[in-house]
Amino acid sequence: MSGSGLALGAPTTSPDRGPADLVITGATVLRHDETGGISFVPEQIVAIRDGVFESVTDAVDASGASVAPPAARETIDARGKVAMPGFINCHTHSPMVMFRGAAEDVPADRWFNDFIWPMEVNLTDDDVELATRLAAAEMIRHGVTTFADHYFNMDRIANVTDETGLRGVLGSTYFSSDGQAGLEQSLEFATRWRGAANGRISTALAPHATYTLNDDDLAATARAAKEHDLLVHIHAAEGRSQTVHSRERTGRTPIGVLHDTGLLDGKVLIAHGIGIVPEDLPLLAPAAADGRVGVGSAPKGYLKLGFDTTPVRLLAAAGVPVGLATDGAASNNTLDVWESMTFMAYVQKATELDTTWMRAEELLDHATTQSAAAVQLAGVVGRIEPGYRADLILVDLSDPRVQPVHDLASTLIYSARSNDIDTTIVDGRVLMRDRRLLTVDVPGVVAELAPRLARLTDRSHGKSIQNYDA
């Protein structure tokens with residue numbers, strides 16, 4: 001679904017259809033113009049019907065008189081609040097909240113080989129479902145309305161996505177060590193769940209990485225993705241060292257591997273992309289021009305691991321959208337995309353040694369339209385415009401920390417935090433209101449998870465799901 005061709009603020013339906021499902025009144029709304037520019041329009045009325053933004057109109061007319069909102073089954077008074085598109089987490093492993101804090105202050109190879117991959121041997125389907133429920137609560141609380149998940153036991157993650165009301169771009173992880181069955185199970189999941197949860201679930205193939213799958217399996221993935229019109233969500237160029245090692249082993253960069261195996265001929269979501277280099281741009285540019293490639297960047301976790309960061313300025317030169325991500329909470333500690341947005345501002349300025357680079361408005365573009373494009377949901381989510389799916393958050397600006405407001409975009413990036421969000425809406429359904437979660441029982445989830453932790457973190461069995469040698 002696309003908002004193209006619609007006049008801003010124009011209703012998409014006739015007024016004789018009866019009450020709207022939800023009307024939000026008095027908010028200052030983050031709007032995008034036809035060129036993608038961002039502005040904030042005060043005193044707006046947002047009407048939602050059938051999970052879609054029906055209209056966005058002025059609450060005050062030219063004479064200064066109040067305009068009566070349309071009839072609605074539910075109304076939210078949002079005076080003093082900012083309405084923004086919901087955040088999109090472009091790359092995460094949601095069940096890894098169960099390992100939050102269990103592997104800290106160690107190098108990447110030990111993080112995988114000595115901690116995470118041995119612990120993941122212990123997972124059961126029930127563990128994944130319970131942990132995903134906790135992750136869903138965290139994401140809703142932090143204003144995340146869509147998440148691109150790359151993990152195992154994906155049926156359970158899909159069930160929780162449906163249950164909690166979130167929007168998911170879900171892919172079931174596999175390695176070459178799984179044999180042909182790995183791709184087959186990922187494809188079976190993707191075709192069976194695509195369009196589920198009233199359309200809130202879209203799917204992807206999820207080969208783990210360019211260094212854990214061989215060229216034959218990556219090429220088979222590319223053929224299956226093309227045949228079934230599926231996105232491929234894959235780790236690639238996760239660090240500068242991976243690019244160096246890839247050249248040593250294969251004579252190509254990780255992006256070169258994606259190109260040579262045919263993956264860049266289809267739709268690809270690249271996790272991290274830290275090691276992308278100038279020679280990769282001609283390989284990425286054709287896919288970028290067709291809207292088929294994007295990168296998910298999680299800058300906070302890179303700082304913690306002592307990595308460099310995603311070369312956003314370089315990717316912009318090739319037209320590649322860079323969306324915001326958190327990675328899993330085992331490395332990033334939170335699933336807070338607002339945090340990622342603020343960290344991206346700081347890290348990009350420091351990396352580029354340029355205070356004028358990555359302005360607040362540019363960050364908000366990464367958080368909205370670029371994130372939507374990265375996960376192949378451009379024209380579906382990422383804007384508060386008629387015809388888009390009604391994914392929205394309300395930000396309360398009453399805290400002393402955000403006052404006074406001289407420039408609203410800068411306030412949101414540098415002063416506000418996800419704790420200022422008091423309402424989260426997905427597909428027109430309110431999942432959190434007045435900071436109260438409506439679809440997850442957090443105390444119950446935490447109580448059920450606690451007795452499992454000793455078993456989940458046990459590494460005495462000496463087994464591992466994989467070996468990290470990137």
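R452 counts as buried, at 17% relative accessibility (buried means under 20% relative accessible area, exposed over 50%, partly exposed in between, with a 1.4 Å probe and protein chains only). The side chain of R452 meets that of E448 in a salt bridge, 3.3 Å from N to O. This is a predicted model: local features need pLDDT of at least 70, side-chain atom pairs count only at pLDDT 80 or more, and totals for chains, interfaces and linings use all residues. Residues are numbered from 1 along each chain as its sequence is written, and side-chain values use heavy atoms, with hydrogens and water left out.

**Salt bridges**

- A salt bridge here is a side-chain nitrogen of Lys or Arg within 4 Å of a carboxyl oxygen of Asp or Glu.
- By this rule the count comes to 38 salt bridges.
- E448, the partner of R452, is partly exposed at 41% relative accessibility.

**E163 and R133**

- E163 and R133 form a salt bridge through their side chains, at 2.7 Å from N to O.
- This pair links distant parts of the chain, 30 residues apart: E163 sits in helix 3 (residues 154-164) and R133 in helix 2 (residues 125-141).
- Helices (H or I, at least four residues) and strands (E, at least two) are DSSP runs, numbered from the N terminus.
- R133 is buried, with 16% relative accessibility, whereas E163 is partly exposed, with a relative accessible area of 36%.
- Both residues belong to a network of salt bridges that links D126, E129, R133, R156 and E163.

**R240 and D308**

- The closest N and O atoms of the R240 and D308 salt bridge are 3.8 Å apart.
- Here, too, distant parts of the chain are linked, 68 residues apart: R240 is in helix 6 (residues 240-250), and D308 is in the loop between helix 9 (299-305) and helix 10 (312-317).
- R240 is partly exposed at 42% relative accessibility, and D308 is partly exposed at 40%.

**Helix 13 against helix 14**

- The axes of helix 13 (residues 360-374) and helix 14 (residues 408-415) come within 8 Å and cross at roughly 70°.
- Helix 13 is therefore roughly perpendicular to helix 14.
- Axes are lines fitted to C-alpha atoms, for helices over the stretch in contact, and angles run from 0 to 180 degrees between N-to-C directions.
- Angles under 35 degrees count as roughly parallel, over 145 as roughly antiparallel, 65 to 115 as roughly perpendicular and the rest as oblique.
- A360, E361, L363 and L364 of helix 13 meet A409, S410 and I413 of helix 14 (contact means heavy atoms within 4.5 Å).
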